[in-house]
Amino acid sequence: MTPTFLLVGMPGLSAVPSWWTAPLITIYLLSVLGNSTILWVIAMEPTLHRPMYVFLFLLSVSDVGLATALMPTLLGLALADAHAVPASACLLQMFFVHVFSVMESSVLVAMAFDRALAICRPLHYPTLLTNDVVRKIGFTIVFRCMGLHLPLPFLLAHMPYCHPQVLTHSYCLHPDIARLACPGAWGAVYSFFVVLSAMGLDPLLIFCSYGLIGRVLQGLGSSEDRWKAGQTCAAHLSAVLLFYVPMILLALIDRLRMPIPLPAHTLLSYVHFLLPPLINPILYSVKMKEIREKILKRLQPRKVGCAQ
């Protein structure tokens, strides 16, 4: 196992670390503040203890976890231009980045299933998606994230490496590390299986869910009914596009070896990982009336009666 990996920073910004640091810290703090507000409101409001909001709670947990896992190397590059990362630290970051990424992807699938069930089977929705079922879905998501990625650090730590240990991102990702392994290393095959089983299967399941939703919406009588039903999916669909479009573009660029400038490639990677935790709380606060009202209610100062 190579003792260190070298990370790629944002080209052209190494000379001005103070300029790069301010946006990074601002994005992180806003992401934590927005998602913590969602977590706080859902935890404190008994009326929000329903499947759709439980999944939103898990989405906010994954967003906070993902943003936090990325910060050590990003801030190291921004503050100290620290490109060298010990292999143990790199594998630890890789584990948490991918656990929370797959968790977010899995929650988006669960939310698509929830919306499809609510629109396609509205009368059976309360009996089909009970609290017990939601709890089992939550445990399945956690087991999937941990089960898929727990072997990866150990496999990658014992793989032979035949290429220079230079990674193509500002953080440690397992396809990036596996790419450096010698030809025929079987750990790289497992890495490919993990990517395919999570990031390949989940978009397909979400697409199928929205196919079912689209069929039902076409059968609704008035355009007003279609609009109201469609609005319940607007925030989720926006979150899906925000998460998957940059990821698919990055995968196509890497697979097809498209000749794009390095700053554009790096920026697209930042968009994929840093933008969803920042934007998701705004999307759900704006698009979901109940969340918005509960946040405003909680933020209003309480009136205290005067003692006579």
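These exercises work through helices, ring pairs and cysteines in one predicted model.

Residues are numbered from 1 along each chain as its sequence is written, and side-chain values use heavy atoms, with hydrogens and water left out. Because the model is predicted, local features need pLDDT of at least 70 and side-chain atom pairs count only at pLDDT 80 or more, while totals for chains, interfaces and linings use all residues.

**Exercise 1. Transmembrane regions**

Find where UniProt places the feature "transmembrane region", then describe the spans 234-253 and 265-286.

Solution. 
- Start with the record. The unreviewed UniProt entry gives residues 20-42, 54-79, 91-113, 133-152, 189-213, 234-253 and 265-286. UniProt positions are in the numbering used here, feature names are shortened, and annotations may be inferred rather than shown by experiment.
- Take residues 234-253. This span is 100% helix and 0% strand, and its end C-alpha atoms lie 28 Å apart. Helices (H or I, at least four residues) and strands (E, at least two) are DSSP runs, numbered from the N terminus.
- Now take residues 265-286. Here the chain is also 100% helix and 0% strand. The end C-alpha atoms are 30 Å apart.

**Exercise 2. Helix α5**

Solution. 
- List the buried residues (under 20% relative accessible area; exposed is over 50%, partly exposed in between; 1.4 Å probe, protein chains only). In α5 they are Val134, Ile137, Gly138, Ile141, Cys145, Leu148 and His149.
- Turn to the face away from the buried side. It carries the exposed residues Lys136, Phe139, Thr140 and Phe143.

**Exercise 3. Aromatic pairs**

Count the aromatic pairs in the whole structure, then classify Phe96 with Phe100 and Tyr171 with Tyr270.

Solution. 
- Recall the rule. Rings of Phe, Tyr and Trp (its six-membered ring) pair if their centres lie within 6.5 Å; planes under 30 degrees apart count as stacked, over 60 as edge-to-face and the rest as tilted.
- Count. The search finds 5 aromatic pairs.
- Classify Phe96 and Phe100. Their ring centres are 6.5 Å apart and their planes stand at 20 degrees, so the pair is stacked.
- Locate both. They lie in helix α3 (residues 87-120), 4 residues apart, about one turn of the helix. Phe96 is partly exposed at 37% relative accessible area, whereas Phe100 is buried at 18%.
- Classify Tyr171 and Tyr270. Their centres are 6.1 Å apart and the planes are at 55 degrees, so this pair is tilted.
- Locate these too. Tyr171 is in the loop between α6 (151-157) and α7 (174-178) and Tyr270 is in helix α10 (residues 262-287), so the pair ties together parts 99 residues apart in sequence. Both are buried.

**Exercise 4. Cysteines**

Solution. 
- Apply the cut-off: a disulfide is a pair of cysteine sulfur atoms within 2.5 Å. The structure holds 1.
- Name the pair. Cys90 and Cys172 have sulfur atoms 1.9 Å apart.
- Read the handedness. The S-S torsion is about -115 degrees, so the disulfide is left-handed.
- Trace the link. Cys90 is in helix α3 and Cys172 in the loop between α6 and α7, 82 residues apart. Both are buried.
- Cys233 is buried at 3% relative accessible area.
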